[in-house]
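I would like to walk you through one structure slowly, one region at a time, and I will pose a few questions on the way.

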Amino acid sequence: MKRVIGFDPGFAIVGYGVLDYEDFRNIKVVDYGVITTPKEESFPVRLAIIYKGVQELIKKYNPDEVAVEELFFNTNITTGINVAHARGVLLLAAIHHCGNLYEYTPLQIKQAMTGYGKATKKQIQEMVKTYLSLAAVPKPDDAADALAVALTHAQTGGFTEKFYIR
């Protein structure tokens with residue numbers, strides 16, 4: 001059995017999902033949730049909260065692998081830049097505390113979850129519920145998205161570029 005923790009990056013909310021898996025047919029949910037940062041805090045403090053939260057999750061769950069969604073740039077450049085900063089902090093914590101890091105594009109995640117690259121967020125979340133035999137779609141949405149990242153990794157066996165510290 002391997003353990004993967006998937007992350008859906010953000011600066012207000014970072015979703016995480018932890019799975020144990022042998023192959024794409026044998027996957028078990030360990031935990032899921034979010035790291036939140038208070039909007040009244042300064043941006044550097046929010047980044048520190050994300051870094052500490054990722055460190056604590058990796059120490060708690062001791063994953064063999066970390067899977068992170070790559071940044072999808074939308075029309076709001078300010079939000080995109082802030083998310084990119086937060087994602088960088090998340091990647092730094094992950095690579096230092098786990099060593100086995102995999103990244104997946106939104107397109108790869110949509111295709112792995114639904115077989116369709118233009119699937120909606122709701123369709124992906126329903127497939128997460130179905131694949132993991134859950135009674136309901138995980139909440140908040142960021143946690144469901146993080147589980148989709150972890151599921152993508154478990155289903156593809158890490159057939160993506162891998163980054164690690166030697």
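**Around the annotated sites**

Let me start with Asp 142, which is found in helix H5. Before going further, please keep in mind that what you see is a predicted model. Asp 142 touches Asp 8, Ile 13, Gly 15 and Val 34, once residues up to four places away in sequence are set aside. For the feature "binding site", UniProt lists Asp 8 and Asp 142, and that listing comes from an unreviewed entry. Why can we say that these two gather at one spot? They span 135 residues in sequence, yet no two of their C-alpha atoms are more than 6.3 Å apart, so they do come together at one spot.

Is Asp 8 buried or exposed? Its relative accessible area is 10%, and because buried means under 20%, Asp 8 counts as buried. Not counting residues up to four places away in sequence, Asp 8 touches Ile 13, Val 14, Gly 15, Glu 69, Asp 142, Asp 145 and Ala 146.

With 16% relative accessibility, Glu 69 counts as buried. Leaving out residues up to four places away in sequence, the residues that Glu 69 touches include Phe 7, Asp 8 and Pro 9, and also Arg 87, Tyr 104 and Val 149.

As for Asp 145, its place is in helix H5, which covers residues 141-156, and at 10% relative accessibility Asp 145 counts as buried. Which residues is Asp 145 in contact with, leaving aside its neighbours within four places in sequence? They are Asp 8, Lys 121 and Gln 125. With Gln 125 there is also a polar contact between the two side chains, at 3.5 Å.

**Strand S1 and its partners**

Let us now step back from single residues and look at S1 as an element. Five of the seven residues of S1 are buried, so this strand is largely enclosed by the rest of the structure. How do S1 and S2 run, parallel or antiparallel? They run antiparallel, and seven bridges join them; the two strands form a hairpin, with four residues between them. Along this pairing, Phe 7 stands opposite Tyr 16 in S2. With S4 the arrangement is parallel, and four bridges join S1 to S4, where Val 4 stands opposite Glu 65.

There is also a residue of helix H5 to mention here, namely Ala 150. Ala 150 is buried, with a relative accessible area of 0%. Apart from its neighbours within four places in sequence, Ala 150 is in contact with Val 4, Gly 6, Gly 17 and Leu 19. The C-alpha atoms of Ala 150 and Asp 20 are separated by 9.6 Å, although these residues are 130 residues apart along the chain.

My last topic begins with a count: how many aromatic pairs does the structure hold? It holds one. Phe 11 and Phe 43 form this pair, which is edge-to-face, with 5.8 Å centre to centre and 70° between the planes. The pair links distant parts of the chain, since Phe 11 sits in the loop between strands S1 and S2 while Phe 43 belongs to helix H1, 32 residues apart. Phe 11 counts as buried at 18% relative accessibility, whereas Phe 43 is partly exposed, with a relative accessible area of 24%.

That brings us to H1, which has 19 residues and reaches 27 Å from its first C-alpha to its last, close to the 27 Å expected at 1.5 Å a residue. Several residues in H1 are buried, among them Arg 46, Leu 47, Ile 50, Gly 53 and Tyr 61. Just after H1, Asn 62 takes a positive phi of about 45°.

Key:
Residues numbered from 1 in each chain as written. Predicted model: local features only at pLDDT ≥ 70, side-chain atom pairs only at ≥ 80, totals over all residues. Heavy atoms only, no water. Buried < 20%, exposed > 50% of the residue type's maximum accessible area, 1.4 Å probe, protein only. Contact = heavy atoms within 4.5 Å. Polar contact = N/O pair within 3.5 Å; in protein donor to acceptor, adjacent residues only side chain to side chain. Phe/Tyr/Trp six-rings, centres within 6.5 Å; stacked < 30°, edge-to-face > 60°. Expected span 1.5 Å × (residues − 1). UniProt positions renumbered as here; feature names shortened; annotations may be inferred. Pairing = 2+ DSSP bridges.
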